Amino acid sequence: MDDQSAALSSAFPPPPAFYKAYTTEATTALANALASGEPLPQDLACLSPPSPPDAGAGPDDQPATYRSLGHRWSTRDILPTLTALGIPELLSNASSDETGADPSYRVSELKQLTKSLLIKYLELVGVMGISPEQFPDRVEDIRIILINMHHLLNEYRPHQARESLIIMMEEQLERKHAQIEKTKRACEHMESVLSSLDTMMSARAPNHRLEIKEDQSVEGDGMKNIDSLRQESSGTESKLLKQSKERDLLVWSALAPNM
């Protein structure tokens with residue numbers, strides 16, 4: 001069991017030993033058993049994943065525990081106290097989350113611990129010059145002070161997470177607002193370009209209306225008149241097509257710098 005726990009807690013743990021039980025036949029039998037709704041036999045019960053741990057809905061409910069990578073974890077993230085970890089607590093005040101004290105007490109506590117750390121370091125330097133065999137006590141004192149400082153800084157983690165989330169959301173809002181403003185400016189520019197082009201083309205386009213006199217007869221020179229009208233109509237269509245192409249080129253050349 002110790003070898004298995006050590007293997008699971010390593011940096012690159014091997015796969016669990018029970019992965020060999022997940023054969024094609026076993027997984028097919030498990031699917032059939034689950035579909036039938038009957039109780040699973042003993043050889044297939046280990047293949048079914050366990051139910052999620054019940055963390056409890058109320059604040060007074062005890063958190064559930066689960067094992068992962070050789071360690072037992074709790075479903076509720078609680079910062080353990082130094083006393084629970086077996087470390088001497090050098091802080092003069094308890095956690096502000098429990099006592100409702102002013103959160104600024106952490107600043108004064110960190111200053112006091114920093115001064116104590118400097119004093120213990122000077123004592124260590126002096127002991128190393130006088131009686132080096134006494135250095136383990138000074139090193140232990142420095143270790144305890146650093147653990148207390150680290151524990152005090154960990155109490156800022158929830159505040160850091162909230163502030164980081166606020167900053168992230170503000171940056172997302174700024175990017176979306178900038179994109180909206182850029183889209184509005186592009187739309188306004190497009191509308192102004194189309195309006196100016198429409199005005200310019202309406203001023204340049206002649207009145208291409210074909211007028212046919214009612215007293216024109218088809219006999220004699222009437223066929224020539226029809227031919228001339230057809231030629232004039234085809235010329236007019238080609239001119240309008242050319243103007244349409246010119247308008248499209250003007251529109252795209254005006255919009256190209258903004259793309």
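Reader: Why are H5 and H6 called roughly antiparallel to each other?

Author: In this predicted model, helix H5 (residues 105-130) and helix H6 (residues 135-154) pack at an angle of about 165 degrees. Angles over 145 degrees count as roughly antiparallel, and H5 and H6 therefore fall into that class. Their axes are 9 Å apart, and H5 passes H6 in a left-handed crossing.

Reader: What makes up the contact of H5 with H6, by residue class?

Author: The residues of that contact divide into 16 nonpolar, 3 polar and 6 charged.

Reader: How do you know that the span of H5 is close to the expected one?

Author: H5 has 26 residues, and from its first C-alpha to its last it reaches 38 Å. At 1.5 Å a residue, 38 Å is expected. For helix H2 (residues 24-36), with 13 residues, the reach is 19 Å, close to the expected 18 Å.

Reader: Which residues of H5 count as buried?

Author: Buried means under 20% relative accessible area. In H5, Tyr 105, Arg 106, Glu 109, Leu 110, Leu 113, Leu 124 and Val 127 are buried.

Reader: Why are the buried residues of H2 said to lie on the same side?

Author: The buried residues of H2 are Ala 26, Leu 30 and Ala 33. They cover an arc of only 65 degrees around the axis, so they sit on the same side of H2.

Reader: What does the face of H2 turned away from its buried side carry?

Author: That face carries Thr 24, Glu 25, Asn 32 and Ala 35, which are exposed. Exposed means over 50% relative accessible area.

Reader: How many helices and strands are there in the protein, and in what order do the elements run?

Author: The protein has 8 helices and 2 strands. From the N terminus on, the order is α-α-α-β-β-α-α-α-α-α. Of its 259 residues, 14% count as buried.

Definitions and conventions. Residues are numbered from 1 along each chain as its sequence is written. This is a predicted model: local features need pLDDT of at least 70, side-chain atom pairs count only at pLDDT 80 or more; totals for chains, interfaces and linings use all residues. Side-chain values use heavy atoms; hydrogens and water are left out. Axes are lines fitted to C-alpha atoms, for helices over the stretch in contact, and angles run from 0 to 180 degrees between N-to-C directions. Helices (H or I, at least four residues) and strands (E, at least two) are DSSP runs, numbered from the N terminus. Angles under 35 degrees count as roughly parallel, over 145 as roughly antiparallel, 65 to 115 as roughly perpendicular and the rest as oblique. A crossing is left-handed if the near helix is turned anticlockwise from the far one by less than a right angle, and right-handed if clockwise. Ala, Val, Leu, Ile, Met, Phe, Trp, Tyr, Cys and Pro count as nonpolar, Asp, Glu, Lys and Arg as charged, and the others, Gly among them, as polar. The expected span of a helix is 1.5 Å times one less than its number of residues. Buried means under 20% relative accessible area, exposed over 50%, partly exposed in between (1.4 Å probe, protein chains only). The arc is that of the directions from the helix axis to the C-beta atoms.
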